[in-house]
Amino acid sequence: MEKIAVLVDSCCDLPQEYLKKAGIYELPMQITYHDKTYLDRKEISAQEVYDKLPVEIPKTSLPSGESIQETLNQIVKDGYTHVISISVSSGLSGTFNFLKVFLEDDDRFTSVYFDTKQVAVAAGLIAVGAKDQIDAGGSFEEVSLHVQKMIENTVVYFCIPTLTYLRAGGRISATAAAVGGMLKLAPIITCKADGSYTIAAKARGMKKGKKMMLNFAQEFLGDNQNYLLAVGHGADEAGGQKMLDLLHDNQIQGQQEFLGQVGPALGVHTGPGLIGVGIVKL
């Protein structure tokens, strides 16, 4: 009889209530400061990373081979026979390709691995959809097909109030950051088909940025009434709630909804104040 586990990395920002479920396993990204490296969520929280940003912007890197092997061993120990692996976009991280090597070499279970081409709450929603179908009695094949379909029907948008952290991480030039700062631009970033970042629009301030993300969400959904919705924030829960309220005020309400803080892997490159929206059409 199939017993199916879901394996995610911490870039997926899976909601806390799902991380607590049996059969969900999370691989921690590594957060590196000048004097120490921490395992994301296990040894350092997203809030702690945000609190330290004014002092030091850390580096982020893939889960270690040791943590991957330990997690796979635990999955086997817990009696799972099948693994559905859901990873942050390979266009943004090497996690998918690194993990793939471990899964292909492990014959203790049957596995399938997915590159979501997404990041943060959008990737997390795909894992939510997979777990929901497993809990509803879906077979390994059915859940795998469902995950692939969700990947093809997922979008994420996030708006950031400052270009400072993108500049610090080498994502944009000093000139672009300076001009953007003078114009008070709040770029809205999304993932392209290949999973890499692109700027969908540039808003004059976060208030306009939220309205533009609402418009993008409405355009993506059309008449669809069957979808999952998540709002992520960077150390700004009130701002995240306002975004969710704005969506609700415009009749965008998912079958399941989540509001939570995005993890360090995204936060260190965007800084505090980020507001993001992820949607998966079912």
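Reader: How are α5 and α6 oriented to each other: roughly parallel, roughly antiparallel or oblique?
Author: This is a predicted model, where local features need pLDDT of at least 70, side-chain atom pairs count only at pLDDT 80 or more, and totals for chains, interfaces and linings use all residues. The axes of α5 and helix α6 (residues 140-151) lie 9 Å apart, at an angle of about 155° (axes are fitted to C-alpha atoms, for helices over the stretch in contact; angles run from 0 to 180 degrees between N-to-C directions). Under 35 degrees counts as roughly parallel, over 145 as roughly antiparallel, 65 to 115 as roughly perpendicular and the rest as oblique. α5 and α6 are therefore roughly antiparallel.

Reader: Which residues of α6 meet α5?
Author: Residues are numbered from 1 along each chain as its sequence is written, and side-chain values use heavy atoms, without hydrogens and water. From α5 come Ile126, Gly129, Ala130, Gln133 and Ile134 (contact means heavy atoms within 4.5 Å). Facing them in α6 are Glu142, Val143, His146, Val147, Met150 and Ile151.

Reader: How many residues of the contact of α5 with α6 are charged?
Author: Ala, Val, Leu, Ile, Met, Phe, Trp, Tyr, Cys and Pro count as nonpolar, Asp, Glu, Lys and Arg as charged, and the others, Gly among them, as polar. The contact of α5 with α6 has 7 nonpolar and 3 polar residues. The number of charged residues there is 1.

Reader: Is the crossing of α5 and α6 left-handed or right-handed?
Author: A crossing is left-handed if the near helix is turned anticlockwise from the far one by less than a right angle, and right-handed if clockwise. For α5 passing α6, the crossing is right-handed.

Reader: Which class do α3 and α4 fall into, oblique or roughly parallel?
Author: The axis of α3 (residues 65-77) comes within 11 Å of that of α4 (residues 95-105), and the two cross at roughly 40°. That angle makes α3 and α4 oblique.

Reader: How many residues of the contact of α3 with α4 are nonpolar?
Author: The crossing of α3 and α4 is right-handed. α3 contributes Gly65, Ile68, Gln69 and Leu72, and α4 contributes Phe98, Leu99, Phe102 and Leu103. The contact has 2 polar residues and no charged ones, and the nonpolar residues number 6.

Reader: How many charged residues are in the contact of α9 with α10?
Author: Helix α9 (residues 206-221) packs on helix α10 (residues 237-249) at about 45°, with the axes 10 Å apart, so the pair is oblique. Lys210, Lys211, Met213, Leu214 and Ala217 in α9 meet Gly239, Lys242, Met243, Leu246 and Leu247 in α10. Of these, 6 are nonpolar and 1 is polar, and the charged residues number 3.

Reader: What is the volume of the largest pocket?
Author: On a 1 Å grid over the protein atoms alone, a cavity is a set of points where a 1.4 Å probe fits but cannot get out, a pocket is an open set with protein on both sides within 12 Å along at least five of seven lines, and lining residues have an atom within 4 Å of a point. Points are joined across faces, edges and corners, and a volume is the space filled by probe spheres set on them. The largest pocket has 22 lining residues, with Leu14, Gln16, Arg41, Gly260 and Gln261 nearest its centre. Its volume is about 330 Å³.

Reader: Which element gives the largest share of the lining of the largest pocket?
Author: By class, the lining has 11 nonpolar, 6 polar and 5 charged residues. Elements are DSSP runs numbered from the N terminus: helices (H or I, at least four residues) and strands (E, at least two). At least two lining residues each come from α1 (16-19), α5 (120-135), β11 (227-233) and β12 (256-261). The largest share, 5 residues, is from β12.

Reader: Which element gives the largest share of the lining of the second largest pocket?
Author: The second largest pocket, about 220 Å³ in volume, is lined by 14 residues, and Thr60, Leu92, Ser93, Ala265 and His269 lie nearest its centre. Two or more lining residues come from each of β5 (59-61) and α11 (264-270). The largest share, 3 residues, belongs to α11.

Reader: How much space lies in the largest cavity?
Author: The whole structure holds 1 cavity of 30 Å³ or more. Its lining is Ala120, Val121, Val156, Phe158, Gly232, Val262, Leu266, Leu274 and Gly276, which divides into 7 nonpolar, 2 polar and no charged residues. The space in the largest cavity is about 30 Å³.
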